[in-house]
Amino acid sequence: MRPQHLVTFPRMLHPGAWWLWALGLAAAASRTQNPVPLLLILVVTGFVVAARKSDAPWARSYGAFLKLALLVIAVRVVFQAVLSSGSQGPTVLFTLPELPVPGSTGIKLGGEVSLEAVLRAFYEGLQLATILVCVGAANALGSARRLLRSVPGALYEVGVAVVIALTFAPQLVTDAARVRAAHRLRGQTGGLRAMKRLAMPVLEGALDRSVELAAAMDSRGYGRTREAGPAARRLTGLLVLGGLVGLCVGVYGLLSGTSADWMGLPMLLAGTVLAAAGIHLGGRRTGRTTYRPDPWALPEWLVACSGLVAAVTMFVTVETDPASLVLAGITAVPPVPVVAVMGILVAMLPAILAPPLPRPTPESTTRTHEMEVAA
Amino acid sequence: MIEFDDVSVTFAGARSPVLSNVDLKIPEGELCLVIGRTGSGKTTLLRAINGLVPHFSGGTLSGRVVVDGRDTREHRPRDLAEVVGFVGQDPLSGFVTDTVEDELAYGMESLGLPPEVMRKRVEETLDLLGLADLRQRPLTTLSGGQQQRVAIGSVLTTHPRVLVLDEPTSALDPLAAEEVLATLQRLVHDLGLTVVLAEHRLERVVQYADRVVLVPGDGEPVVDGLPAEVLASCAIAPPVVELGRVAGWRPPPLSVRDARRRAAPLREQLAGLPAPDHTCTDPGDAVAKVADLVTGYTRLPVLRGVSSTLSRGEVVALMGRNGAGKSTLLKALVGMRVPDSGTVEVGGHNPADLKPTRLLRHVGLVPQVPGDLLYESSVARECTQADKDAGVPSGTTTALFERLSPGVPADQHPRDLSEGQRLTLALAIVLAAEPPLLLLDEPTRGLDYTAKHRLVEILRDLAAAGHAVMLATHDVELVAEVGTRVVVLADGEVVADGSVPDVVVSSPSFAPQVAKILAPQAWLTPTDVAVALAGVTTVSRP
């Protein structure tokens with residue numbers, strides 16, 4: 001057996017596998033507001049991230065997304081408390097001073113805050129927060145940039161554009177900070193005019209860099225592809241675009257749960273087939289090769305499938321036992337959807353099934369530290 | 001290998017050609033150095049080699065450029081990717097991917113080489129350039145020298161026969177520059193690559209060159225020949241060549257080693273003469289005081305207890321490797337960094353507490369990229385704005401700029417100025433408010449010799465007029481010319497603070513070429529030597 005099929009062979013897992021796993025969990029979270037599976041999903045992502053995250057800069061994004069998720073919940077609860085109408089539940093927690101608002105708007109500021117209103121806001125916020133944390137986990141485990149390396153040849157140009165944008169955005173921010181500091185030296189304070197003055201040198205710098213980059217890419221052979229006829233190009237474009245639209249509609253149909261049947265699985269499948277055909281056709285004409293493509297081996301399948309299991313068990317529960325996913329009353333004790341919970345627990349397996357990360361050599365870590373000092 | 005046959009280049013909208021009737025043959029395996037003032041057409045010449053001029057830049061190219069048998073008329077830059085490797089001025093802006101390994105593979109991926117070949121070549125290139133332990137590192141975390149080596153490696157993987165580099169060391173500190181030049185040296189000697197590079201810092205590269213091509217600009221004919229021949233009569237010359245001229249050595253020496261071996265008689269001749277000590281004879285009152293300054297990041301102080309005083313009339317050079325805290329000290333002096341402990345006082349105030357409108361009356365800083373200070377669409381409007389900012393009578397800045405850099409049309413866009421002119425414009429803007437303390441961060445980056453000489457004169461005049469000047473720089477020759485005191489920082493602490501000869505003469509990395517040649521005598525510049533030989537024993541210094 002080749003080493004990349006071993007779950008014990010230290011290497012970086014294909015970022016695509018992590019994204020599929022996280023999307024599976026996010027899909028599961030999108031179908032319920034029952035706090036039991038939602039909290040369980042949060043725990044599972046946290047556990048797996050703790051077990052398998054690297055010390056790369058993007059691995060810190062899990063914490064950032066977690067903070068964002070808490071903020072989402074807090075905002076939701078506070079708004080509900082301030083803006084709720086007293087009719088939402090009988091259990092009054094406390095009464096805020098009320099602000100008179102013209103009656104016809106139907107909005108009320110302050111007044112009685114009920115336990116039911118706050119709980120409902122909390123559950124709704126928790127769902128959104130869980131989906132956010134799933135995305136954060138995917139980002140922390142599989143770098144979005146590395147994922148772009150694996151885009152098929154037909155989408156190569158799009159991938160390059162995104163990578164360049166990802167590099168330029170932080171560069172713009174540092175440039176802006178530098179220029180702002182310089183303007184202070186000319187005795188200028190903030191204000192709207194300062195914005196205009198800031199834009200000029202920053203954009204000029206960005207333009208200069210873009211031209212430099214284009215020259216560098218040109219002299220390194222970018223765009224030396226095998227030429228294809230306009231008809232073939234148009235066909236590829238049409239197939240890829242149509243496929244992507246199909247995929248989007250399919251995913252929407254599957255997740256929303258309220259749309260017509262044809263919008264779900266059939267659309268998803270049709271879209272996948274179309275997009276795959278387009279990508280295959282486009283990939284044939286690029287003439288590019290890929291250096292050390294990330295392998296897709298057994299551990300990738302296992303990780304991606306464990307996420308899929310969580311999603312599938314949730315969807316099955318929606319069909320067979322919908323009562324276990326909704327709360328009888330908003331203050332009632334939440335039921336435990338056994339099948340879905342089992343599925344989510346399966347998604348915890350990547351903590352062991354994903355290969356361990358190679359240990360960084362002591363030399364490279366000390367050097368990184370030195371660089372930070374220098375910067 | 002490279003052949004220019006009656007080549008003229010005219011850019012769209014330009015009145016006169018940038019290059020006219022260039023005839024040039026560069027044989028295989030040579031290291032060819034292209035020199036000339038900024039704006040003389042060096043970059044155009046380099047870019048014509050791989051067809052970026054005119055395919056990418058536009059404009060008209062007449063005549064023929066043939067590289068390894070391929071005419072650039074029929075071949076676009078991308079078609080020459082496996083013949084010519086081109087490395088631009090700023091390596092970071094030419095990077096397409098984000099890690100070292102991917103960057104090395106990028107060119108090969110574009111050419112569609114099979115994966116096995118790519119894998120092998122990446123490993124070979126990592127070893128060749130000594131990048132093996134950096135292979136996984138994000139490009140933005142590399143030092144300047146490492147980035148430049150990655151940029152070279154990324155074009156080498158396609159196995160080109162020619163390597164073209166545009167000012168590969170101008171933005172680097174001396175150690176990083178040596179790292180890059182040693183690499184180039186190895187490529188020429190071990191792999192037989194033909195290397196063409198443009199460079200302003202001649203003192204660093206001229207000793208390695210097999211051929212020098214002088215691009216005089218203004219439509220005058222291009223001169224090429226052996227380095228000693230071309231430099232003997234050329235206005236652009238490194239200190240070692242200037243010393244050779246002063247001492248009457250023919251042909252002029254190109255390296256410190258050359259000169260040192262011929263310098264014994266000169267040293268004898270100079271033995272009895274007192275070397276000027278370059279110190280400020282009568283410093284005025286102190287304009288800035290730094291005491292026990294600690295500042296930096298959380299649990300990561302960049303400055304660890306720095307104390308110093310700057311007085312009127314002094315030109316203090318701040319030296320030290322990258323990351324030693326030079327820029328941080330300058331930032332603390334303009335209040336961009338708040339002390340964690342210790343004090344910073346500029347004109348009796350803490351600069352961090354001063355409003356911007358008052359700050360500029362006490363201290364002025366010309367940043368590393370002078371263009372950061374500029375944002376208007378013409379020189380004239382820039383000057384008017386500076387008058388308003390500083391609250392001085394209109395015309396003050398224009399007059400200052402005219403004095404520093406005469407003859408620049410007022411309607412010119414600041415971006416179209418040369419590096420040197422842009423620096424003087426930024427300087428004029430900063431000086432409009434007459435701050436007693438003037439700070440410059442790496443002022444000689446990208447300056448040619450003419451602009452540097454001008455800067456030296458300007459700085460001397462400013463010090464004589466009672467300004468205190470502090471410059472953070474890697475340029476030892478500039479320090480030798482203009483410094484009255486040197487402060488060396490290492491790891492956030494002051495490790496040396498004293499007169500220029502005391503600090504630099506014995507230092508292997510900070511000694512100027514003349515000091516290395518004439519050590520243990522404490523001569524710093526060719527001018528000092530010339531003046532001493534002419535029988536004048538004291539040199540008037542501001």
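User: In S17(B), which residue is the bridge partner of Ala317(B)?
Analyst: The model is predicted. In S17(B), the partner of Ala317(B) is Leu471(B).

User: What is the strand order of the open sheet of six strands in chain B?
Analyst: The pairing in this sheet is mixed, and the twist from one strand to the next averages 15°. S15 and strand S19 (493–498) of chain B pair on one side only, which makes them the edge strands. Read across, the order is S15-S16-S17-S13-S18-S19.

User: At about what angle does helix H18 of chain B run to S17(B)?
Analyst: Helix H18 covers residues 449–464 of chain B. It lies across S13, S16 and S17 of chain B. Relative to S17(B), its direction is at about 145°.

User: At about what angle does helix H13 of chain B run to S16(B)?
Analyst: Helix H13 (residues 326–333) of chain B lies across S13, S15, strand S16 (437–441), S17 and strand S18 (485–490) of chain B. H13(B) also lies across S11, S12 and S14 of chain B, running at about 120° to S11(B). To S16(B), the angle is about 150°.

User: Which strands are the edges of the open sheet of three strands in chain B?
Analyst: This sheet has the order S12-S11-S14 in chain B, with antiparallel pairing. Its twist averages 20° from one strand to the next. Pairing on one side only marks the edge strands, which are strand S12 (300–311) and strand S14 (341–346) of chain B.

User: How many bridges join S1(B) to strand S4 of chain B?
Analyst: Strand S1 (residues 2–10) of chain B pairs antiparallel with strand S2 (residues 19–26) of chain B over five bridges, and there Val9(B) has Leu19(B) as its bridge partner. S1(B) also runs antiparallel to strand S4 (residues 60–67) of chain B, with Thr10(B) opposite Thr60(B). The number of bridges from S1(B) to S4(B) is seven.

User: Why does chain B count as being as compact as a globular protein of its length?
Analyst: Chain B has 22 helices and 19 strands, and its C-alpha trace spans about 65 × 55 × 50 Å along the principal axes. The globule rule gives 24 Å for 542 residues, and the radius of gyration of chain B is close to it, so the chain is as compact as a globular protein of that length, at 24 Å.

User: What percentage of the residues of chain B count as buried?
Analyst: Contacts in chain B between residues at least 6 apart in sequence join residues at least 24 apart in 69% of cases. Of the 542 residues of chain B, the buried part is 55%.

User: Which element gives the most to the side of chain B that touches chain A?
Analyst: The contact takes 57 residues from chain B and 42 residues from chain A. Elements of chain B that each supply at least two residues include helix H3 (91–94), helix H4 (100–111) and helix H5 (115–128). By class, this side of chain B has 30 nonpolar, 16 polar and eleven charged residues. With eight residues, the element that gives the most is H4(B).

User: Is Leu213(A) buried or exposed?
Analyst: Leu213(A) sits in helix H7 (residues 192–219) of chain A. Leaving out residues up to four places away in sequence, it touches Ile164(A), Ser93(B) and Gly94(B). The C-alpha atoms of Leu213(A) and Ile164(A) are 9.4 Å apart, although the two residues are 49 apart along the chain. Because Leu213(A) has 20 C-beta neighbours inside 10 Å, it counts as buried.

User: Over which residues of chain A does pLDDT stay under 50?
Analyst: Chain A averages a pLDDT of 83, and 91% of its residues score at least 70. One stretch stays under 50, and for it the model has ten contacts beyond four places in sequence. That stretch of chain A is residues 363–375.

Definitions and conventions: Residues numbered from 1 in each chain as written. Chains lettered and ligands numbered in written order. Predicted model: local features only at pLDDT ≥ 70, side-chain atom pairs only at ≥ 80, totals over all residues. Pairing = 2+ DSSP bridges. Helix = DSSP H or I, 4+ residues; strand = E, 2+ residues; numbered from the N terminus. Contact = placed C-beta atoms within 7 Å. Nonpolar A, V, L, I, M, F, W, Y, C, P; charged D, E, K, R; others polar. Rg over C-alpha atoms; globule rule 2.2 N^0.38 Å. Buried ≥ 20, exposed ≤ 12 C-beta atoms within 10 Å, placed from the backbone. Axes fitted to C-alpha atoms, helices over the stretch in contact; angles between N-to-C directions. pLDDT = per-residue confidence, 0-100.
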